[in-house]
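Here's a quick briefing to read with the structure open beside you. Have a look at the fold, then go through the notes by topic.

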Amino acid sequence: MVIDASFLPEVERTSLSDIPEHLLRHTIGTTDLAHFQRSALEHIAFFEAATLKHDGKRLYDYQSILDFGCGTGRLMQMFPNTANIKGCDPNGPLVKFCNDFFKHAEVYQSQPEPPLKWADGTFDLVYSFSVFSHLKRDSEERWLKELARVGKPGCIYLITIQGDWWLESKFSKPEREKIQNAGFWYFDIHTSRGTEMDFPENYGSSIHTSDFIRQEWSKHMDVLQVYKGRPPMLYDHPSLPEAHRRALEGSRSMGQDMVIMRKR
């Protein structure tokens, strides 16, 4: 099914059309560019439905935006070339690719642990897709504190996790109950190959329950809502524009839960 992309504003943007296969595989586990682009549209539709509901703004209305863990710029490409958007990622080749491709954005190679280079209160929107689904607990805590630091008062955060949807879909009942009782669970899944494409040591596979998110993440920001990864129409609400509704109707399940937060 083709996603209705009419919700995107008719402005100039830099759409990714040619990504080296090794970078594409590193980002999504496959070299299927069509899948990559469809997922970009789906995720940006979910994100914008969330900001419209919880902050009354489109993504493009924010004045200073951070793409935390930007990878190859899958979501960055959805923003107009006039957007004030920054990105960071610990992977050097991905950062170089983004800087070569997105001339309007500032992307730099961050370290696996804080701090980021930006000053306190820099951003009014921070989004992060499939980063906090991989961090160890202590590293996650440090990064939540750091993202709170670089956000302005009232900053909106859109962060995806492997949450309740992942638990229900991927685990047996005994495994699920064990993780639900713990609230957070981490698995080491990556093997170092000694190359520049290696994932950081603090990067594996982490599972969160929504109860854990509300209890622990609220120590850093106000948790407005935790959306389960399915179905797409959970993101629907009465004030959602018709074009966004059509995009959601054609979308697949996001596969990850999304946490919406606001800086106090």
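What follows covers the nonpolar cores, the aromatic pairs and a few individual residues. Keep in mind that this is a predicted model.

**The nonpolar cores**
- The largest nonpolar core has 51 residues, and Phe79, Tyr127, Leu158 and Met258 are the ones with the most contacts inside it.
- At least two residues of this core come from each of H1, H2, helix H3 (92-101), strand S4 (123-128), strand S5 (151-161), H8 and strand S9 (257-262).
- H2 gives the largest share, 10 residues.
- Apart from this core lies another one of 29 residues, including Leu66, Val126, Ile161 and Ile213.
- In soluble globular proteins, nonpolar side chains tend to be buried together.

**Phe79 and its surroundings**
- How buried is Phe79? Its relative accessible area is 0%, so Phe79 is buried.
- Leaving aside neighbours within four places in sequence, Phe79 is in contact with Arg13, Ile44, Leu59, Tyr60, Ile65, Ile85, His104 and Tyr127.

**Aromatic pairs**
- The whole structure has 13 aromatic pairs.
- One of them is Phe79 with Tyr127, a stacked pair at 5.7 Å centre to centre with 5° between the planes.
- Phe79 sits in the loop between strand S1 (65-68) and strand S2 (85-89) while Tyr127 is in strand S4, so this pair ties together parts that are 48 residues apart in sequence.
- Tyr127 is buried too, with a relative accessible area of 1%.
- Phe101 and Phe102 make an edge-to-face pair, 5.4 Å centre to centre and 65° between the planes.
- Phe101 counts as partly exposed at 24% relative accessibility, whereas Phe102 counts as buried at 1%.
- Phe47, Tyr60, Phe79 and Tyr127 belong to one aromatic cluster.

**Charges over rings**
- Lys117 has its charged end over the ring of Tyr108, 4.7 Å from the ring's centre.
- Lys170 lies over the face of Trp166, 5.0 Å from the ring centre.

- Ser39 is in helix H2 (residues 33-55), and at 3% relative accessibility Ser39 counts as buried.
- Not counting residues up to four places away in sequence, Ser39 touches Arg74 and Arg252.
- In helix H8 (residues 242-249), the buried residues are Ala243, His244, Arg245, Ala247 and Leu248, and the buried residues of H8 pack against H2.

**Pro9**
- Where does Pro9 sit? Pro9 is in the segment before helix H1 (21-28).
- Pro9 touches Arg58 and Tyr60, not counting residues up to four places away in sequence.
- Pro9 and Tyr60 are 51 residues apart in sequence, with 8.8 Å between their C-alpha atoms.

Notes:
Residues numbered from 1 in each chain as written. Predicted model: local features only at pLDDT ≥ 70, side-chain atom pairs only at ≥ 80, totals over all residues. Heavy atoms only, no water. Helix = DSSP H or I, 4+ residues; strand = E, 2+ residues; numbered from the N terminus. Buried < 20%, exposed > 50% of the residue type's maximum accessible area, 1.4 Å probe, protein only. Contact = heavy atoms within 4.5 Å. Core = buried A, V, L, I, M, F, W, Y, C linked by side-chain atoms within 4.5 Å. Phe/Tyr/Trp six-rings, centres within 6.5 Å; stacked < 30°, edge-to-face > 60°. Lys NZ or Arg CZ within 6 Å of the ring centre and 35° of its normal.
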